[in-house]
Amino acid sequence: MSTVYLSSVALTFFAIATAVAAERPSFTVEGRVYCDTCRTGFETPLTTYIADAKVRLECRHFSKGKIEHQVDGVTNKDGTYTIELKDNHDKENCEVVLVQSPLPTCAEIPKGRDRVNVLLADGGLSSNVRNANSLGFLKDKPLHDCIGVLKQYNQP
């Protein structure tokens with residue numbers, strides 16, 4: 001009888017722990033940072049990805065408008081960052097923001113394209129990994145080869 005009792009207690013504890021974990025998911029945000037070598041606002045075949053670029057994940061409360069959570073990230077050699085954040089953020093608007101480029105010739109932060117939204121709420125998605133759209137710093141001067149690349153986009 002004590003084995004049945006202990007099994008029952010263990011199952012109850014497991015169920016409670018599972019429920020608490022389900023209410024407070026952890027999220028992983030992944031994305032890339034690039035050098036916009038043609039100053040187009042999007043990735044092209046001439047795009048290069050930036051190692052050691054700094055980004056920040058900011059979550060603002062919907063009604064208060066103030067930043068509730070902030071986590072910094074840095075890109076790896078492939079220009080990819082990974083940021084971990086705990087809990088459900090369904091009452092917040094979360095964005096990844098460009099902070100700093102290590103490249104002096106590709107460090108301009110484009111106005112209006114300096115951030116990307118990410119959903120960090122448990123909305124029935126099968127994974128807690130969120131893939132953010134790429135963010136790009138502007139190169140000080142477009143590469144000469146950009147003319148040929150951009151002509152390809154204008155062909156019928």
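The following conversation concerns a predicted model of a protein chain.

User: How many helices and strands does the protein chain have?
Analyst: The model is predicted, and its protein chain has two helices and nine strands.

User: In what order do the elements run from the N terminus?
Analyst: The order is α-β-β-β-β-β-β-β-β-β-α.

User: Let us turn to strand β1. Is β1 mostly covered or uncovered?
Analyst: Strand β1, residues 26-36, is mostly covered, with eight of its eleven residues buried.

User: Which way do β1 and β5 run, and how many bridges join them?
Analyst: Strands β1 and β5 run antiparallel and are joined by seven bridges; β5 spans residues 80-86. Within this pairing, Ser-26 stands opposite Lys-86.

User: And in which sense does β1 pair with β8?
Analyst: That pairing is parallel, over three bridges, with β8 formed by residues 129-131. Val-29 has Arg-130 of β8 as its bridge partner.

User: What about β9?
Analyst: Strand β9, residues 135-138, also pairs with β1 in the parallel sense, over four bridges.

User: Which residue in β9 stands opposite Cys-35?
Analyst: Phe-137 stands opposite Cys-35. On the β2 side, the bridge partner of Cys-35 is Thr-48. Strand β2, residues 48-49, is antiparallel to β1 and joined to it by two bridges.

User: Now the whole chain. What share of its residues is buried?
Analyst: Of the 156 residues in the protein chain, 32% count as buried. The accessible surface comes to about 9900 Å², and carbon and sulfur atoms account for 55% of that.

User: Of the contacts between residues at least 6 apart in sequence, what share joins residues at least 24 apart?
Analyst: The share is 68% in the protein chain.

Technical notes
Residues are numbered from 1 along each chain as its sequence is written. This is a predicted model: local features need pLDDT of at least 70, side-chain atom pairs count only at pLDDT 80 or more; totals for chains, interfaces and linings use all residues. Side-chain values use heavy atoms; hydrogens and water are left out. Buried means under 20% relative accessible area, exposed over 50%, partly exposed in between (1.4 Å probe, protein chains only). Contact means heavy atoms within 4.5 Å. Accessible areas come from the Shrake-Rupley method with a 1.4 Å probe; for residues, only the protein chains shown count as cover. Two strands pair if DSSP finds at least two bridges between them.
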